[in-house]
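Dear colleague,

Please find below the structure for your review. My notes on its side-chain contacts follow directly after it.

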Amino acid sequence: MAMTQEEVFNKVKEVLTAALAVDDDEVTREAKLREDLGAESIDFLDISFQLEKTFGIKIPKGDLMPENVFSNPEFVQNGKLTPKGLAEMKSRMTFADFTEFEKDPDINKIWDLFTVDALVRYVMTKVNV
């Protein structure tokens, strides 16, 4: 049976409160995993593992964060994604909202794409197939 977005959100919220030791009222759909919830690189591995376990899904390496984009000079120049790089990221990260990022595609701001809502949308693509 297909899961609703609200059901997925509530389970993602449980995963994030446990993995990041944050209060559940901090886990809003708009919250950025790194900036607002304090996630570090190592936390993303734990979050991926917990999402797999919680939802019975598989998250392939490079699925959430595309690999080989930032080292490609066609995709990154002067610390910013090129139009071609932005198109590549958007095609691979269909679950992320690029609206704000597009205004200043600085690769240091890539983590801003990882919001709670982006995780919910990603999981929805995996559980409702």
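I begin with a charge placed against an aromatic ring: Arg29 lies over the face of Phe9, at 4.6 Å from the ring centre. A charge is said to sit over a ring if NZ of Lys or CZ of Arg is within 6 Å of the ring centre and within 35 degrees of the ring normal. Arg34 is placed likewise over the face of Trp111, with 4.2 Å to the ring centre.

Please note that this is a predicted model, in which local features need pLDDT of at least 70 and side-chain atom pairs count only at pLDDT 80 or more, while totals for chains, interfaces and linings use all residues. Residues are numbered from 1 along each chain as its sequence is written, and side-chain values use heavy atoms, with hydrogens and water left out.

Aromatic pairs

The structure contains five aromatic pairs. Rings of Phe, Tyr and Trp (for Trp, its six-membered ring) pair if their centres lie within 6.5 Å; planes under 30 degrees apart count as stacked, over 60 as edge-to-face and the rest as tilted. One of the pairs is formed by Phe95 and Tyr122, whose ring centres are 5.2 Å apart and whose planes stand at 75 degrees, so this pair is edge-to-face. Because Phe95 lies in the loop between α3 and α4 (99-103) and Tyr122 in helix α5, the pair ties together parts that are 27 residues apart in sequence. Helices (H or I, at least four residues) and strands (E, at least two) are DSSP runs, numbered from the N terminus.

The terms are used as follows: buried means under 20% relative accessible area, exposed over 50%, and partly exposed in between (1.4 Å probe, protein chains only).

A further pair is that of Trp111 and Phe114: their ring centres are 5.5 Å apart and their planes are at 40 degrees, so the pair is tilted. Trp111 is partly exposed at 22% relative accessibility, whereas Phe114 is buried at 4%. Together with Phe44, Trp111 and Phe114 form one aromatic cluster.

Salt bridges

How many salt bridges does the structure hold? There are 14 salt bridges, a salt bridge being a side-chain nitrogen of Lys or Arg within 4 Å of a carboxyl oxygen of Asp or Glu.

Lys126 and Asp63 meet in one of them, at 3.1 Å from N to O. This pair links distant parts of the chain, with Lys126 in helix α5 (residues 116-127) and Asp63 in the loop between α2 (41-55) and β1 (76-77), 63 residues apart. Lys126 is partly exposed, with a relative accessible area of 25%, and Asp63 is partly exposed at 23%.

In another salt bridge, the closest N and O atoms of Lys84 and Glu74 are 2.4 Å apart. Lys84 belongs to helix α3 (residues 83-92) and Glu74 to the loop between α2 and β1, so the pair links distant parts of the chain, 10 residues apart. Lys84 is partly exposed at 47%, and Glu74 is partly exposed at 45%.

Finally, Lys58 forms a salt bridge with Glu52, the distance between the closest N and O atoms being 3.6 Å. Here Lys58 is exposed at 59% relative accessibility, whereas Glu52 is buried at 18%.

With kind regards
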